[in-house]
Amino acid sequence: MLNILMKQYSDRAFIYSDPAIRNVKVWKIVLDEITCREFGAPHQK
């Protein structure tokens, strides 16, 4: 899972030390709904 996340930031391969892995937490958040607002100049579609 961590390799999938890191691939979004770099194409190089990562090697993780044991202390680094123990300090990583990955949370999955399931959304029921998401909303947003637009500010500023209107976006052309």
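1. A helix here is a DSSP run of H or I covering at least four residues, and helices are numbered from the N terminus. Arg22 is found in helix α2, which covers residues 18-22. The model is a predicted one.

2. Overall make-up. The secondary structure of the protein comes to 2 helices and 0 strands. Helix α1 takes in residues 2-7. Along its principal axes, the C-alpha trace spans about 50 × 25 × 15 Å.

3. Burial and surface. The protein has 45 residues, of which 0% count as buried. Its accessible surface amounts to about 5,300 Å², and carbon and sulfur atoms account for 57% of that area.

4. Charges. The protein carries 7 positive and 5 negative charges. The mean position of the positive charges and that of the negative charges lie 6 Å apart.

5. Nonpolar patch. Which residues make the nonpolar surface patch of about 460 Å²? They are Met1, Ile4, Leu5, Val24 and Val26. Of these, Ile4 lies in helix α1. Ile4 has a relative accessible area of 58% and is therefore exposed, since exposed means over 50%.

6. Aromatic rings. How many aromatic pairs does a search of the whole structure find? The search gives 1. The pair is formed by Phe14 and Tyr16, with 6.3 Å from centre to centre and 10° between the planes. The pair counts as stacked because planes under 30 degrees apart are given that label.

7. Are Phe14 and Tyr16 buried, exposed or partly exposed? Phe14 has a relative accessibility of 24%, so Phe14 counts as partly exposed. Tyr16 is at 27% and therefore also counts as partly exposed. The cut-offs behind this are under 20% for buried and over 50% for exposed, with partly exposed in between.

8. Arg22 and Leu2. Arg22 and Leu2 are 20 residues apart along the chain, and their C-alpha atoms are separated by 12 Å.

9. Lys28 and Leu2. Lys28 sits in the segment after α2. With a relative accessibility of 76%, Lys28 counts as exposed. What distance separates the C-alpha atoms of Lys28 and Leu2, 26 residues apart along the chain? The separation is 13 Å.

10. Cys36 and Ala13. Cys36 is likewise found in the segment after α2. Its relative accessibility is 73%, so Cys36 counts as exposed. Between Cys36 and Ala13 there are 23 residues of chain separation, and the C-alpha atoms are 35 Å apart.

Notes: Residues numbered from 1 in each chain as written. Predicted model: local features only at pLDDT ≥ 70, side-chain atom pairs only at ≥ 80, totals over all residues. Heavy atoms only, no water. Patch = residues over 30% accessible without salt bridge, like charges linked within 9 Å, V, L, I, M, F, W, Y side chains within 5 Å. Areas by Shrake-Rupley, 256 points an atom, 1.4 Å probe, with all protein chains shown as cover. Salt bridge = Lys/Arg side-chain N within 4 Å of Asp/Glu carboxyl O. Buried < 20%, exposed > 50% of the residue type's maximum accessible area, 1.4 Å probe, protein only. Phe/Tyr/Trp six-rings, centres within 6.5 Å; stacked < 30°, edge-to-face > 60°. Lys, Arg positive; Asp, Glu negative; His and termini not counted. Charge placed at Lys NZ, Arg CZ, Asp CG, Glu CD.
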